[in-house]
Amino acid sequence: MLNVGIVGGSGFTGGELLRLLLGHPKVRIHQVTSRGYAGKPIGRAHPNMRGVSDLRFVAPDTLDSCDILFLCLPHGQSATQFDSYRKLAPRIIDLSADFRLQDVDRYETYYGSPHPLPSMLPQFVYGLAEINREPLRDASYVSIGGCNATATILGLYPLFLAGVADSERTVVEVKVGSSEGGVTSSEGSHHPVRSRAVRSFKPTGHRHTAEAEQALSMNGPVRVHMSVTAVELVRGVLATAHVFLNKPLGEKEIWQLYRQTYLDEPFIRIVKERQGPYRYPEPKLLAGTNYCDIGFERDPYSERLVVMSAIDNMMKGAAGQAVQALNTMMGWDETLGLGFIGLHPV
């Protein structure tokens, strides 16, 4: 059994990671930290785990060495404390934004300050197995992608890989649920304010834009124009991308392109039904799963292609992606611990 530690286990992402790893057949959770819940059972922070495990939170300064360490910390904390964490484990999977961008200038542009540990950026592998499987196999340090970036990248990757998308005109509207804001409430996430809202909270300049551009630039620099809107969901991301093709491709050719790219991917599903309410990707169906559902519609009157990509932001957009990355790093079946297929109706 692989001994793993979790730093910052009382938040939404930490709880989701706990849920997955407690059911993983090759993993033993050695320790999970929380300042506020130290000494208390994990069910105190995550009531869905009552009676599932006798594991208790420990204080961060009592963390022992382990085989792999997961960091589920707020932005900025992983990088500033990284030197102490890498002394505890030979492999680290970071679920924060601290090591996602390879370019220090881009980091400063999108995060508003210089990177606190720029020498480590080249040593991190971006955690999406679908685009980085081979680098992940030999990785010591992995940075898990942001949820909005993950949905955007997976939806668009086949088009940019094949070089059929205009490199300047891709526009993505991302609709997200409230859990994306994290476990700590704010004025905007207060229930009477947030409920029934359809609120544009980042129409331009979202930090995940830089991740998407970085991942999709395999054939040269690209521009992605992202807007993010809060909607009446708890879990879920739906990215609707407007792509302008530079080649006259029909629906059948586009289908073949996606099938060729994702044929052997266990967590990618191409959704293209002729009729019914679920003929396009629907985040509600993906709650608790590691799937990414992708669909598309060709505009018959222009060169525009509309691509829809749906995920659970806490699964494929965070904890599920992290467990898939762990499986890939260890040479295990990538689906281990990720077999939940979702519920319907919800």
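Biologist: What makes the nonpolar surface patch of about 300 Å²?

Modeller: In this predicted model, the patch is made by Phe340, Leu343 and Val346. Patch residues have over 30% relative accessible area and no salt bridge, and nonpolar side chains (Val, Leu, Ile, Met, Phe, Trp, Tyr) are joined within 5 Å. A salt bridge is a side-chain nitrogen of Lys or Arg within 4 Å of a carboxyl oxygen of Asp or Glu. Areas follow the Shrake-Rupley method with a 1.4 Å probe.

Biologist: Why is Phe340 called partly exposed?

Modeller: Buried means under 20% relative accessible area, exposed over 50%, and partly exposed in between. Phe340 has 36%, and is therefore partly exposed.

Biologist: Why does Val176 count as buried?

Modeller: Its relative accessibility is 2%, so Val176 is classed as buried. Val176 lies in strand β8 (residues 170-176) and touches residues including Asn148, Arg194, Phe201 and Val228, where contact means heavy atoms within 4.5 Å.

Biologist: Which strands are the edges of the open sheet of 7 strands?

Modeller: The order is β9-β10-β8-β11-β14-β13-β12, with mixed pairing. β9 (199-202) and β12 (268-270) are the edge strands, as each pairs on one side only.

Biologist: How do you know that β9 and β10 pair?

Modeller: Two strands pair if DSSP finds at least two bridges between them. β9 and β10 (residues 224-230) have 3 bridges, in the antiparallel sense; Lys202 has Val228 as its bridge partner in β10.

Methods. Residues are numbered from 1 along each chain as its sequence is written. This is a predicted model: local features need pLDDT of at least 70, side-chain atom pairs count only at pLDDT 80 or more; totals for chains, interfaces and linings use all residues. Side-chain values use heavy atoms; hydrogens and water are left out. Patches are made of residues with over 30% relative accessible area and no salt bridge: like charges are joined within 9 Å, nonpolar side chains (Val, Leu, Ile, Met, Phe, Trp, Tyr) within 5 Å. Buried means under 20% relative accessible area, exposed over 50%, partly exposed in between (1.4 Å probe, protein chains only). Helices (H or I, at least four residues) and strands (E, at least two) are DSSP runs, numbered from the N terminus. Lists of a residue's contacts leave out its neighbours within four places in sequence.
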